[in-house]
Amino acid sequence: MAPAGINKAGELDVAVDCLSSPCGARHHHKPIYIPTSKRDLVSRAMHYLQPLYTKTHNNGTPMHQKCAVIHWQPEAIYTLCYFMHCPQMEWENPNVEPSTVTLQTERPFMVLPPLMEWVRVAVVHTEHRRSFSVDSDDVRQAARLLLPGVDCEPRQLRTDDCVCASRRLDAASTEAKFLQDLGFRMLSCGRTDLVKQAVNLLGPDGINSMSEQGMTPLMYACVRGDEAMVQMLLDAGADINSEVPNSVHKHPSVFPETRQATPLTFAVLHGHVPVVQLLLDAKANVEGSLQDGMENYTETPLQLAAAAGNFELVSLLLERGADPMVGTMYRNGISTAPQGDMNSYSLAAAHGHRNVFRRLLSHTEKGKGDVLSLEEILAEGSELEGRSLSQVDLIRTGKAKLKALREAMYHSSEHGHVDITIDIRSLGVPWTLHTWLESLRTCFCQHRRPLIQGLLKEFSCIEEEEYTEELVTHGLPLMFQILRASKNEVISQQLAAIFTQCYGPYPIPKLAEIKRKQTSRLDPHFLNNKDMSDVTFLVEGKPFYAHKVLLFTASNRFKTLLANRPCGENTCIEISNVKYHIFQLVMQYLYYGGTETLHIRNTDIMELLSAAKFFQLEALQRHCEIICSKNINTETCVEIYNHTRFLEAPDLASYIEGYFLKNMVILIELEPFKQLLYDAPPDSPGGDILQELEKTLAVRIQSIHLSSS
């Protein structure tokens with residue numbers, strides 16, 4: 001289309017009768033005139049962009065270059081107005097549940113780029129295709145980059161529509177270029193009767209001439225799916241295995257994604273089954289540009305078909321000998337070391353094409369129908385010695401397939417296609433901790449209870465060597481979240497078994513006695529002796545006689561009680577909330593200087609622990625905690641734990657939490673333990689019991705499985 005004309009009044013003097021929507025559809029309306037203000041804005045933006053077109057030499061000195069004037073087609077301006085002013089569906093508040101979607105007439109600046117950015121990106125697309133005018137497709141390609149989520153399809157491959165203006169060509173080269181462009185246009189029109197005349201215009205390479213995109217006429221015909229033109233070009237001698245070159249010096253407009261692509265690659269990429277059939281019948285290389293013994297840096301036709309989920313093409317390519325084990329190596333820009341190995345299995349699994357994946361699995365290479373099963377490969381002790389060469393080849397092929405299925409299992413779990421992951425697992429492929437966790441996370445988010453139960457049952461198949469940091473940082477929070485959210489008894493029992501397995505068979509770390517000598521000590525016969533006592537405690541209305549010299553250094557609590565008391569007379573202090581015989585045990589501990597002479601009944605241990613905590617006697621408190629730990633069983637553990645949380649004794653609480661985890665399979669069946677897990681109020685002393693269990697189990701896994709690493 002010719003550039004828009006401007007009349008003397010400065011108005012855009014072209015009516016648009018065929019308008020473009022952002023998705024590429026064509027809508028026919030009555031003639032619409034583009035507002036002058038929009039044309040002025042675009043012209044002004046283009047004016048400010050002109051000084052930015054510079055050419056940088058090797059020495060880094062910018063040199064201004066006279067560039068060809070870029071015109072805007074009316075369709076392009078209208079499409080630009082569409083994207084900048086059309087309503088858009090947006091989330092009203094994504095943080096509120098349930099989220100609501102509203103129709104917004106104006107988009108926020110963070111989403112809507114400025115006009116200058118629209119013009120700049122659209123012009124770059126125009127220059128990439130060596131054109132003098134911006135069309136609506138250039139604006140749509142700009143929208144793909146500037147507006148995430150916009151439903152615009154990528155630009156279709158086609159012949160160049162203009163000679164590169166930046167290259168200084170002499171008259172003969174310019175004439176040859178125009179003739180070549182004319183030949184490509186004649187071939188792209190779809191008329192087979194013009195093939196002979198078009199070939200004469202293409203230049204010395206004839207039917208195999210390449211455009212600036214590095215593509216031959218046969219490749220363009222495969223992109224369009226023109227079966228008749230493909231057959232005509234093949235009859236005319238077109239190279240059926242020609243490749244798009246890697247170099248951009250001779251072909252500056254080569255798309256990076258199409259390098260090393262063949263006509264078969266383009267036909268598969270666009271899903272033209274008849275053209276693929278035609279090329280394969282003409283002996284096209286079923287693996288595209290891949291040669292035997294060479295590393296592959298581009299997708300094969302089978303990989304593309306598997307990624308697209310085209311079952312018909314996958315079946316056709318497999319029947320013609322395509323190898324699903326071929327993977328693609330990716331360069332990282334610095335070295336050619338492989339950054340990944342995505343074969344057809346992985347691509348089908350990553351995109352969730354379950355039927356295609358099963359079709360790939362059902363394929364058996366010719367001559368290898370007796371490949372060993374995965375169970376045989378996984379069996380330990382399989383030696384290659386003493387086997388024939390054919391048996392060794394079968395084992396190696398089976399191991400390569402096992403590796404490919406492991407990669408596919410990883411990609412399917414990573415992308416949330418848990419059904420494919422389960423299919424791969426059913427073949428005998430072992431779990432890794434990562435694939436198991438990602439599959440469990442997906443099932444939990446999708447509320448698929450039967451699959452959750454199946455996955456939890458499979459945890460025992462994961463080797464302990466797989467217990468990595470991921471189990472602590474991601475696995476435990478996920479499993480405890482499932483336990484908190486699911487009140488299903490089967491799932492609770494399975495999680496209890498997993499926690500017990502993770503805790504391990506080793507004994508619970510014991511509480512150690514605190515060996516601390518008292519700075520002051522009196523003869524035991526002074527215990528509760530009125531003679532020479534200088535302080536009296538009233539406990540339950542009964543006096544208990546003691547001595548300040550001993551108590552003042554016993555703990556900070558006694559020091560506070562005795563402070564600011566008259567020194568010249570006997571001091572009387574009332575003690576509440578402590579029974580007399582419990583207070584007597586505390587004093588006996590102080591006067592005897594240890595716990596050896598204490599005779600503590602099981603019914604008094606918790607009260608003595610509380611008193612030791614109150615009077616800040618750490619050694620006596622630890623002695624009581626050790627006695628409590630020895631008295632723990634399935635019937636008393638919950639009651640003792642509740643007292644421990646109330647008294648805020650963290651060491652004893654951690655010990656009991658370890659007891660819970662080690663015996664959780666039994667405890668999960670008991671009603672008191674269920675109430676402790678699910679019915680405890682959030683503001684209860686000690687916090688959330690499930691959160692505390694998670695912390696204790698994390699510390700245990702760190703100490704057993706991760707300390708050495």
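Is F357 buried or exposed, at 0% relative accessibility? F357 counts as buried, because its relative accessibility is 0%. The model described here is predicted.

**Aromatic pairs**

The whole structure holds 15 aromatic pairs. Two of them are set out below.

| Pair | Arrangement | Centre to centre | Angle between planes |
|---|---|---|---|
| F83 and W118 | stacked | 5.8 Å | 20° |
| Y345 and F357 | edge-to-face | 6.1 Å | 75° |

F83 belongs to helix α2 (residues 74-85) and W118 to helix α3 (residues 115-128), so this pair links distant parts of the chain, 35 residues apart. F83 is buried at 2% relative accessibility, and W118 is buried at 1%.

The other pair joins Y345 in helix α13 to F357 in helix α14, and so ties together parts that are twelve residues apart in sequence. Y345 is buried, with a relative accessible area of 2%.

Elsewhere, F537, F544, F558, Y580, F583, F614 and F615 make up one aromatic cluster.

**Helices α12 and α14**

Helix α14 (residues 354-362) also meets helix α12 (residues 311-319): their axes come within 10 Å and cross at roughly 10°. The two helices are therefore roughly parallel to each other, and the crossing is right-handed. On the α12 side the contact involves F311, V314, S315, L318 and E319; on the α14 side, N355, V356, R359 and L360. Five of the contact residues are nonpolar, two are polar and two are charged.

**Helix α11**

Seven of the eight residues of helix α11 (residues 301-308) are buried, namely P301, L302, Q303, L304, A305, A306 and A307. Their cover includes α9, α12, β9, β10, α13 and α14. After α11 comes G309, with a positive phi near 75°.

Key. Residues are numbered from 1 along each chain as its sequence is written. This is a predicted model: local features need pLDDT of at least 70, side-chain atom pairs count only at pLDDT 80 or more; totals for chains, interfaces and linings use all residues. Side-chain values use heavy atoms; hydrogens and water are left out. Axes are lines fitted to C-alpha atoms, for helices over the stretch in contact, and angles run from 0 to 180 degrees between N-to-C directions. Helices (H or I, at least four residues) and strands (E, at least two) are DSSP runs, numbered from the N terminus. Angles under 35 degrees count as roughly parallel, over 145 as roughly antiparallel, 65 to 115 as roughly perpendicular and the rest as oblique. A crossing is left-handed if the near helix is turned anticlockwise from the far one by less than a right angle, and right-handed if clockwise. Contact means heavy atoms within 4.5 Å. Ala, Val, Leu, Ile, Met, Phe, Trp, Tyr, Cys and Pro count as nonpolar, Asp, Glu, Lys and Arg as charged, and the others, Gly among them, as polar. Buried means under 20% relative accessible area, exposed over 50%, partly exposed in between (1.4 Å probe, protein chains only). Rings of Phe, Tyr and Trp (its six-membered ring) pair if their centres lie within 6.5 Å; planes under 30 degrees apart count as stacked, over 60 as edge-to-face and the rest as tilted.
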